[in-house]
Amino acid sequence: MKKRVKISELKAHLSEYLRHVRRGHTVEVMDRDTPVARVVPFEERSSGLVVRPAIGRMRDLKIPRGRKIKTDIVALLREDRDAR
């Protein structure tokens, strides 16, 4: 089940919404009528961190977790943006 909540409501009742997420549900955070974030249950992933852009076509950018990477993260993000 997905709930929509305004930023001020989320700030005022954060613990309540986190309990909702712990039970496996999603909370969509709204700034007026615009969705700005989604709080989802944590999943352990062995493939690394997945970063998704907030605007435009959704595309996964995979970054290895748990070890240092030799790639400049800013260069990696610029390369991803340029590819679009």
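Within helix H2, the residues Tyr17, His20 and Val21 are buried (under 20% relative accessible area, with exposed meaning over 50% and partly exposed lying in between, for a 1.4 Å probe and protein chains only). Viewed along the axis of H2, these buried residues fall within an arc of 100°, so they line one face of the helix; the arc is taken from the directions that lead from the helix axis to the C-beta atoms. An α-helix has 3.6 residues a turn, so residues three or four places apart point the same way. The model is a predicted one, in which local features need pLDDT of at least 70 and side-chain atom pairs count only at pLDDT 80 or more, while totals for chains, interfaces and linings use all residues. Residues are numbered from 1 along each chain as its sequence is written, and side-chain values use heavy atoms, with hydrogens and water left out.

The chain contains three helices and five strands, where helices (H or I, at least four residues) and strands (E, at least two) are DSSP runs numbered from the N terminus. From the N terminus on, these elements follow the order β-α-α-β-β-β-β-α. Of the 84 residues of the chain, 19% count as buried. The chain exposes about 7,200 Å², of which carbon and sulfur atoms supply 50%; accessible areas come from the Shrake-Rupley method with a 1.4 Å probe, and for residues only the protein chains shown count as cover. Among contacts (heavy atoms within 4.5 Å) between residues at least 6 apart in sequence, 22% join residues at least 24 apart.

The cover over the buried residues of H2 includes strand E1 (2-6), helix H1 (7-12), strand E2 and strand E3 (34-39). H2 itself lies across E1, E2 and E3 and runs at about 140° to E2 (axes are lines fitted to C-alpha atoms, for helices over the stretch in contact, and angles run from 0 to 180 degrees between N-to-C directions). His20, a residue of helix H2, is buried with a relative accessible area of 5%. Apart from neighbours within four places in sequence, His20 is in contact with Met1, Lys3, His25, Thr26 and Val27. Just after H2, Gly24 adopts a positive phi of about 100°.

Six residues make up the largest nonpolar core, namely Val5, Leu10, Tyr17, Val21, Val27 and Val29. Helix H2 (14-22) and strand E2 (26-31) each contribute at least two residues to this core. Such a core is a set of buried Ala, Val, Leu, Ile, Met, Phe, Trp, Tyr and Cys residues joined through side-chain atoms within 4.5 Å. In soluble globular proteins, nonpolar side chains tend to be buried together. When residues up to four places away in sequence are not counted, Val5 touches Leu10, Tyr17, Val27, Glu28, Val29 and Met30. Strand E2 is mostly covered, with five of its six residues buried.

An open sheet of three strands is arranged in the order E1-E2-E3, with mixed pairing (two strands pair if DSSP finds at least two bridges between them). E1 and E3 are the edge strands, each pairing on one side only. Neighbouring strands of this sheet are turned by 30° against each other on average, direction ignored. Strands of a sheet pair through backbone hydrogen bonds, either parallel or antiparallel. The pairing of E1 with E2 is parallel and extends over five bridges, whereas E2 and E3 run antiparallel and are joined by five bridges. Glu28 in E2 is the bridge partner of Arg4, and Arg38 in E3 is a bridge partner of Glu28. Met30 stands opposite Pro35 in E3.

E2 and E3 form a hairpin with two residues between them. Most residues other than glycine have a negative phi, and most peptide bonds are trans. Arg32 and Ile7 are separated by 25 residues in sequence and by 8.6 Å in space, C-alpha to C-alpha.
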